[in-house]
Amino acid sequence: SSLALFCIERVLLPGSSFPLQIFKHKTATQEMMRREAAENKGRIGVVFSAKDHEGSFATVGCEAVFESLTQLDDGRLIVECTGTRRFRVGGVRGNEPYLRAEVEYIMDVDDESDEGMGEVPLEVVSAEVECWKVLQEVVWLCVEVWDKRSWVPLLMGDGQGHPLHKFRHSAPSPWSGDGASVQVGSGKSFATETDRREAFSWDMVRVIRNGIPGLWDHGLTDTMSSSSRVQQLLEMTSTEQRLQECLDTMTSARNVLRLRQRLKDLVDERDQPDGDEEGLEGG
């Protein structure tokens with residue numbers, strides 16, 4: 001299979017939305033988008049290209065499928081895409097106004113070995129359950145440490161306002177933590193358990209890259225993930241390894257937040273008036 005290549009400074013992940021804004025003077029790029037929409041079912045290959053390595057790009061990318069193309073009055077072309085499956089770049093052809101390459105689609109090796117086996121390796125189950133459990137603890141800690149009390153009603157509920165609602169279609173279900181069983185699911189179905197588990201791993205990669213908007217900023221827990229690291233996760237061919245990497249990042253964030261919570265509690269205790277001393281003074 002061949003794909004037109006689109007090089008950007010951000011890593012596209014399977015399942016991620018990808019809005020493109022192509023300006024009027026980028027006539028060759030606009031033409032590429034229209035051509036691929038008409039002749040290739042609206043599919044392009046998106047590959048990461050670091051700003052300080054102009055002219056080179058990663059050899060593993062993500063296919064993007066067009067959702068819509070909109071031509072604006074000012075000449076801009078807006079292309080809404082969604083990341084689908086990963087590929088490895090083969091031979092590159094440069095005899096067109098844009099790069100085109102033969103690609104080989106790739107999947108996780110543990111997905112291939114698990115398919116039809118009937119049993120999921122315990123290590124994979126443990127990794128995904130721990131990821132989901134630690135992420136929920138991180139969310140609650142963020143609320144407590146940063147005094148985001150307005151989030152409490154959302155966290156107590158199970159509706160669309162919950163900060164983790166968009167991940168629940170792919171999360172392991174049920175899981176037990178602190179004596180409570182949490183059911184997940186937002187109506188989206190997967191053909192196999194393998195598909196669900198891999199989708200969950202990409203959701204967790206999005207979390208360690210983006211945090212939870214309005215609640216968890218990686219800059220506050222010193223757990224920022226560079227584009228190069230996200231690219232490494234894209235290239236991994238093991239769901240278990242990808243989940244473990246995400247778990248390590250979330251565990252680090254949880255440990256930072258736990259420490260901040262303890263310090264906050266100590267400060268609050270110090271600032272509280274001593275009831276016994278007040279009683280003695282009053283006597």
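These are my notebook entries on one protein structure.

**Entry 1: the whole chain**
I began by noting that this is a predicted model. I looked up the secondary structure and found 9 helices and 8 strands. Next I checked burial: of the 283 residues, 43% count as buried. The accessible surface came out at about 15200 Å², and carbon and sulfur atoms account for 49% of that surface. I also looked at contacts between residues at least 6 apart in sequence, and 69% of these join residues at least 24 apart.

**Entry 2: two helices**
Two packed helices are described by the angle between their axes and the distance between the axes. I picked H5 (residues 193-210) and H8 (residues 239-271), which pack at an angle of about 30° with their axes 9 Å apart. Angles under 35 degrees count as roughly parallel, so H5 and H8 are roughly parallel to each other. Their crossing is left-handed.

Which residues of H5 and H8 meet? On the H5 side I listed several, including Phe200, Trp202, Met204 and Ile208. On the H8 side, Leu243, Cys246 and Met250 are among them. By class, this contact has 9 nonpolar, 3 polar and 3 charged residues.

**Entry 3: leucine 69**
I then turned to leucine 69, which sits in strand E4 (residues 60-71). Leaving aside neighbours within four places in sequence, I found leucine 69 in contact with Met33, Arg34, Ala37, Leu77, Ile78 and Val79. I followed up arginine 34, which is 35 residues away along the chain. The C-alpha atoms of leucine 69 and arginine 34 are separated by 8.2 Å.

Conventions: Residues numbered from 1 in each chain as written. Predicted model: local features only at pLDDT ≥ 70, side-chain atom pairs only at ≥ 80, totals over all residues. Heavy atoms only, no water. Helix = DSSP H or I, 4+ residues; strand = E, 2+ residues; numbered from the N terminus. Buried < 20%, exposed > 50% of the residue type's maximum accessible area, 1.4 Å probe, protein only. Contact = heavy atoms within 4.5 Å. Areas by Shrake-Rupley, 256 points an atom, 1.4 Å probe, with all protein chains shown as cover. Axes fitted to C-alpha atoms, helices over the stretch in contact; angles between N-to-C directions. Parallel < 35°, antiparallel > 145°, perpendicular 65-115°, else oblique. Left-handed = near helix turned anticlockwise from the far one by under 90°. Nonpolar A, V, L, I, M, F, W, Y, C, P; charged D, E, K, R; others polar.
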